[in-house]
Amino acid sequence: MCRYIYTLFISALFLFCSAPVFAQQTDTIAEEDTAAAKPKKKDMAGHQLTLGVDIYRPILNQLQKDRYGYELSVSYYTRNEYYLTMEIGRGGSTVDSAYLKYETTNEFYRLGFNKSILARDNPKDWDMMFIGLGLGVADIHRGSATFVVIDTIWGNNTGVIPANSFPAYWAEIAGGVRVELVKGLFAGWTARGKFLLNRNSFSELSPLYIAGYGKGDKNTVFDINAYISYAIRWDRKKKTVIDTSKQALAPTPAIDSTKVIVPATNGTKSMREARDAKSK
Amino acid sequence: MIKQNRYLFFIFTAVCGILWGACKQEGSPCLTPTQVHLVVESMHKTTDTSTVFTDTTLSYARFAALSPNPIKYGYNPSSLFNITLSPNDTFCQWVFTTDTAETKKDTITLNYQPGRQFLSNACGYIYFYSLTSVSSTHNIIDSARINVKSVTNDITSNPKHVQIYIHPLY
């Protein structure tokens, strides 16, 4: 059922994304044809710093009692529809079954960039549909774990795995939407595909949940965040334009036609000429 | 541009969120076996010089564990028998007889090195084994040998870990 829903969701996402992308492709081809004639379009948008909070996580925290997480997001508009993004957060999980008992907590940081694929209506239009890439790191702390291997013939085998701290690294691709509801206030979601890079380093006991990533025993995870964010904006500094027209009109120094400048072919010859002139 | 479809966007987002949330299970149950089985194959020669063949004539062979919680496995006519190894020790013993009516018995001793392996958060750990030696008494069994050393939860290759040769005169 879930696989079907994921497929449906991803298909809808791509369908939703594809229209503006194709539109942009045709625009690009058209632009390429006239690239030589037209100057590059100037980025008129100002600076924007967006601070957001994931509102979906607290809802999931209520539904899933064995794990929790919180997430904040910061993004900064650079140029040409590129946004630098950083997300930070923390979370944890509790495993309490007949076979295994332990707790984990972790902090995480994600760094990446998003590229808006939606053409602006005007420089003040900050709605966006984007795709992005990023890297994530989590610092995981696991308490000591007790385990039981149930064996009805030979007797149960129990043991303790000592507490440990270790990092997790992952790469991710993202896609999503932000809509400005009122001036400066955005709502939107981000869907992410995440790829764990160092699972072998904690294969002895994979965490149930890594906040910022997802299930610790999966190499690939799909996840969604829903953000409410607030944007702070300011204009770009206007570049000082140097007026070269005055320099062009300034009188050039007059050339004394009586003096004939003979170019020296090399240093020794010109010195000799100077010495001859002095002796004369 | 999105502003024109704002309500559509919110409905889409909300539906996706609800579906996604509904799919997230609090804790998945353990659905995989947490014990591995060692497969014993019985072989039989009718005479010392004859070709070895797999024995399928053991109509009701029985294995009994010499353990703190002894258990008896009875089998329908078969040549393959699944037994378990103790994770708490480096050896274990099983008593074997070819039939319920048979009074002759043999004890098979298996020596091995257990190794703990993480299975999943739902199932915890499982023990895999590396067989080092196998021996038996010789009332019914002529000899026993290790065929596949590694005892894991991989059943795709249909491993037959230990072969027991029934005495030619039996």
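These legends describe close-up views of a predicted model with chains A and B.

Local features need pLDDT of at least 70, side-chain atom pairs count only at pLDDT 80 or more, and totals for chains, interfaces and linings use all residues. Residues are numbered from 1 along each chain as its sequence is written, while chains are lettered from A and ligands numbered from 1 in the order in which they are written.

**View 1. Confidence along chain A.**
The predictor gives each residue a confidence from 0 to 100, called pLDDT. Chain A has a mean pLDDT of 79. In this chain, 70% of residues reach 70 or more. Residues 1–31 of chain A have pLDDT below 50. Beyond near neighbours in sequence, that stretch makes 16 contacts in the model. Two residues are in contact if their C-beta atoms, placed from the backbone, lie within 7 Å. Residues 254–270 of chain A also have pLDDT below 50. Here the model shows 2 contacts beyond near neighbours in sequence.

**View 2. The loop at A:Glu81.**
Most residues other than glycine have a negative phi. A:Glu81 is not a glycine, yet its phi is positive, about 70°. Find A:Glu81 in the loop between strand E2 (67–77) and strand E3 (82–96) of chain A. Helices (H or I, at least four residues) and strands (E, at least two) are DSSP runs, numbered from the N terminus. A:Glu81 counts as partly exposed because it has 17 C-beta neighbours inside 10 Å. A residue is buried with 20 or more other C-beta atoms within 10 Å of its own, exposed with 12 or fewer, and partly exposed in between; C-beta atoms are placed from the backbone.

**View 3. The loop at B:Asn158.**
B:Asn158 is not a glycine either, and its phi is positive, about 45°. The loop holding B:Asn158 lies between strand E10 (150–151) and strand E11 (162–166) of chain B. B:Asn158 has 9 other C-beta atoms within 10 Å, so it is exposed.

**View 4. An open sheet in chain B.**
Chain B has 1 helix and 11 strands. Of these strands, 6 form an open antiparallel sheet in the order E4-E3-E6-E7-E8-E10. Two strands pair if DSSP finds at least two bridges between them. Strand E4 (72–74) and E10 are the edges, each pairing on one side only.

**View 5. Strands E7 and E8 of chain B.**
Strand E7 (residues 106–120) and strand E8 (residues 124–136) of chain B run antiparallel, joined by 12 bridges. B:Arg116 stands opposite B:Tyr127 in E8 of chain B.
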